[in-house]
Amino acid sequence: MNDTLKELKNSLWEQFGASIDMLINALDACQEQLYRSNKRFFYTSYHVAVFLDYYLTVPPDDFDPQLPFTITVKEDMPEGSLDDVLPDRHYTKAQLLGYIKTSREKCHKLVLGIKEHGNPRFIEDVEVGKMNYSLIEILLYNMRHVQHHVAQLNTLLRDHGVTPPKWVARTTNE
């Protein structure tokens, strides 16, 4: 493997891993009572966990979420929920953290397993729903999605008097 590809994969992992670490830190910072009572915090956490896993599944047809959900229509969604993915029940914070940590390992393996020749490659096309992205683009899209929702979770924490976790510059553990 050439040095450029190795450096690119390592940099991508360090940044994507940092985004996932920030998600884990936001959930860790949320007190149990707030997690159980604040629907917006729960639904946002669940949403980002499911889509983190989904966008890491290549091919996406193999997606099998660790914490199941029901697809529903917007009109039937409870207050505070997102999109059309509704968790089958209110999962515990420990279950959600476990799911995210499993997806973190999946991300690590996927990113560091990218090859110059063969599969998976950065330029490999991945069809996700109506989106047709290269693998590198879906990874960047996923990382941005995680970070977007981490910011929302940190705002909810701040709104409830909880000091949000600090910025993670790059992941520190494999």
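Reader: How many helices and strands are there in the protein chain?

Author: The chain has five helices and four strands. Helices here are DSSP runs of H or I with at least four residues, strands are E runs of at least two, and both are numbered from the N terminus. Along the sequence the pattern reads α-α-α-β-β-α-β-β-α. This is a predicted model, with local features needing pLDDT of at least 70, side-chain atom pairs counting only at pLDDT 80 or more, and totals for chains, interfaces and linings using all residues. Residues are numbered from 1 along each chain as its sequence is written, and side-chain values use heavy atoms, leaving out hydrogens and water.

Reader: Why are α3 and α5 called roughly antiparallel?

Author: Helix α3 (residues 39-55) and helix α5 (residues 135-159) pack at about 165°, with axes 10 Å apart. Axes are lines fitted to C-alpha atoms, for helices over the stretch in contact, and the angle runs from 0 to 180 degrees between N-to-C directions. Under 35 degrees counts as roughly parallel, over 145 as roughly antiparallel, 65 to 115 as roughly perpendicular, and the rest as oblique. So α3 and α5 are roughly antiparallel.

Reader: Which residues of α3 and α5 meet?

Author: With contact meaning heavy atoms within 4.5 Å, the α3 side includes F41, V48 and F51, and the α5 side includes I138, H145 and L156. By class, the contact of α3 with α5 has 11 nonpolar, seven polar and one charged. For those classes, Ala, Val, Leu, Ile, Met, Phe, Trp, Tyr, Cys and Pro are nonpolar, Asp, Glu, Lys and Arg are charged, and the others, Gly among them, are polar.

Reader: And what makes α3 and α4 roughly parallel?

Author: Their packing angle is about 25°, with the axes 9 Å apart. Therefore α3 and α4 count as roughly parallel. Among the residues making this contact are A49 and D53 of α3 and I100 and K106 of α4. The contact of α3 with α4 divides into seven nonpolar, two polar and two charged residues.

Reader: What do the buried residues of α4 pack against?

Author: They pack against α1 (3-29), α2 (32-37), α3 and α5. Buried means under 20% relative accessible area, exposed over 50%, and partly exposed in between, with a 1.4 Å probe and protein chains only. Among the buried residues of α4 are L96, R104 and C107.
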